[in-house]
Amino acid sequence: MEHLFHAGDNLDGLARLAALGVRVDLVYIDPPFATNNEFLMDADRASAVSGSGQLAYADTLRGSGYLEQLRRRLEAIRKIMAGDGSIYVHIDVKMEHHVRFLMDDVFGPRNFRNSITRVKCNPKNFNRYSYGNIKDTILFYSVSAHRIKWRPQGEALTDADAESRYPLVDAAGRRYATTPLHAPGSTRHGPTGGPWRGMPPPPGRHWRYPPEMLDALDAAGLIAWSATGNPRKIIYADQSAGKLPQDVWVYKDPQRPAYPTQKNAAMLERIILTSSEPGDTVLDCYAGSGATLLQAARLGRRFVGMDNAPAAQAVIRQRLRAAGVEWRVVGGVGSAGDAGDIGGVGVGGVGGVGEFV
Ligand SMILES: C[S@@+](CC[C@H](N)C(=O)[O-])C[C@H]1O[C@@H](n2cnc3c(N)ncnc32)[C@H](O)[C@@H]1O
């Protein structure tokens, strides 16, 4: 599996990928938000955005110019996505409605899956005639409305969840709940419609399991019998697969990022695990700190990364090396392109794995 990086404008990088016939299964992008800010980094990178430091990247393009350049990139991304691919676009509350129109245009409204609210930070303590803004948005679209990679990751139960969903505690201290062993609908034929241990299912219902399975559950101690002889299935909290994920996520960004606007690694892990398979290709063409690339490599996916800011490229190179991840260069400006342009003459004669600036 060969990870790729393009150190340059992503419009060029995307064209290069298209020419090479690369297909991507999952896209996560976190483009500039038209904030009209310059993001700076301190020398030690410890306290990312501050009033001093060197330029990391400028987010100064606004209005129709901003939207037009983003549209061109979304269209280029769409062209190289697999038929069952998914895309997550991270955007702030000021731009989300504009970008959602763009996404509808490029991917089609029927391929809209979610507008995920992401809680990004702790409550803010200021008064600006508005409520504190602690969220941003991730727009989730797919290429097809029917063919989508989808492996939702259960969320761990909180103590409060466990107490309300599993209100009973057994002699060993295990928290559990019970559910009926019969389900709506009568069955005239088949063993689930008949009596079990002489007990017919209640009128209009059938047993959820055939008699031999009910016997096995009882033998395993997984049936609770009420005082009146009513059997119910025992479900333990510690065997729960967790809660199905919803569209409000709490993933606060790192307090001491390696790069301004660095996103939460666990959030990226969730996206990658839910919407791709091992061996798939994950694209982040606004890579910043390389957070997506690192998670993709860690989870056994191939990454394709791009960023045109030298500061981002330096951070990515340092972090990938520290994690022992190797990659190859796909074109790019300046020395990056010279180091290894797999689209050009001399494929294989690259200037070195892991070198791009
Ligand atoms: C918001 S930051 C991404 C942060 C990243 N998600 C992370 O977790 O670290 C946006 C990045 O996009 C890069 N960028 C902006 N325009 C670009 C372009 N046209 N081509 C490539 N990279 C670009 C910037 O240099 C910046 O590093």
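Me: Which backbone nitrogen does a side-chain oxygen of Asn264 reach at the start of H6?
Reply: That of Ala266, to within 2.7 Å. Keep in mind that this is a predicted model.

Me: What makes that a polar contact?
Reply: The cut-off for an N or O pair is 3.5 Å, and the Asn264 oxygen comes to within 2.7 Å of the Ala266 nitrogen.

Me: What does the side chain of Ser275 make a polar contact with?
Reply: The side chain of Tyr88, at 2.6 Å. Setting aside neighbours within four places in sequence, Ser275 also touches Leu26, Ser86, Phe140 and Lys149.

Me: Which other residues of H6 are buried?
Reply: Met267, Leu268, Arg270, Ile271, Ile272 and Thr274 are on the list with Ser275. The buried residues of H6 pack against several elements, including E2, E5, E7 and helix H7 (291–298).

Me: How do you know that H7 is largely enclosed by the rest of the structure?
Reply: By counting: 7 of the 8 residues of H7 are buried, so the helix is largely enclosed. Those residues are Ala291, Thr292, Leu293, Leu294, Gln295, Ala296 and Ala297. Their cover includes strand E1 (4–7), E2, H6, strand E15 (281–284), E16 and helix H8 (310–322).

Me: What comes after H7, and what is its phi?
Reply: Gly300 follows H7, and its phi is positive, near 75°.

Me: Is Thr261 buried, exposed or partly exposed, and why?
Reply: Partly exposed, because its relative accessible area is 29%, while buried needs under 20% and exposed over 50%.

Me: Then why is Asp25 called buried, with a relative accessible area of 13%?
Reply: Because the limit for buried is under 20%, and the 13% of Asp25 passes it. Asp25 is part of strand E2. The side chain of Asp25 reaches the backbone nitrogen of Thr281 at 2.8 Å. Among the residues in contact with Asp25, leaving aside neighbours within four places, are Ala82, Asp84, Gly85, Lys149 and Asp280.

Me: What makes a set of residues a nonpolar core, and which members of the largest one touch the most others?
Reply: The members have to be buried nonpolar residues joined through side-chain atoms within 4.5 Å. The largest core has 34 residues, and Leu74, Ile77, Ile87, Met103 and Leu283 touch the most other members. Among the elements that each supply at least two residues to this core are helix H1 (10–20), strand E2 (24–29), helix H2 (63–79) and strand E5 (81–91).

Me: Which residues does Ile87 touch?
Reply: Not counting residues up to four places away, the list has Val27, Leu74, Ile77, Met81, Met103, Phe107, Leu139, Phe140 and Tyr141.

Me: Which residues come nearest to the ligand?
Reply: Of the 21 residues around the ligand, Asp30, Tyr259, Lys263, Ser289 and Asp307 come nearest.

Me: How do you know that Asp30 and Asp307 use their side chains there?
Reply: A polar side-chain atom of Asp30 lies 2.8 Å from a ligand nitrogen, and one of Asp307 lies 2.7 Å from a ligand oxygen. With Lys263, a backbone N or O atom is 2.8 Å from a ligand oxygen.

Me: How much of the ligand's accessible area does the protein cover?
Reply: The protein covers 95% of the 610 Å² that the ligand has on its own. The shell around the ligand divides into 9 nonpolar, 7 polar and 5 charged residues.

Methods
Residues numbered from 1 in each chain as written. Predicted model: local features only at pLDDT ≥ 70, side-chain atom pairs only at ≥ 80, totals over all residues. Heavy atoms only, no water. Buried < 20%, exposed > 50% of the residue type's maximum accessible area, 1.4 Å probe, protein only. Helix = DSSP H or I, 4+ residues; strand = E, 2+ residues; numbered from the N terminus. Contact = heavy atoms within 4.5 Å. Near = heavy atom within 4 Å. Polar contact = N/O pair within 3.5 Å; in protein donor to acceptor, adjacent residues only side chain to side chain. Areas by Shrake-Rupley, 256 points an atom, 1.4 Å probe, with all protein chains shown as cover. Nonpolar A, V, L, I, M, F, W, Y, C, P; charged D, E, K, R; others polar.
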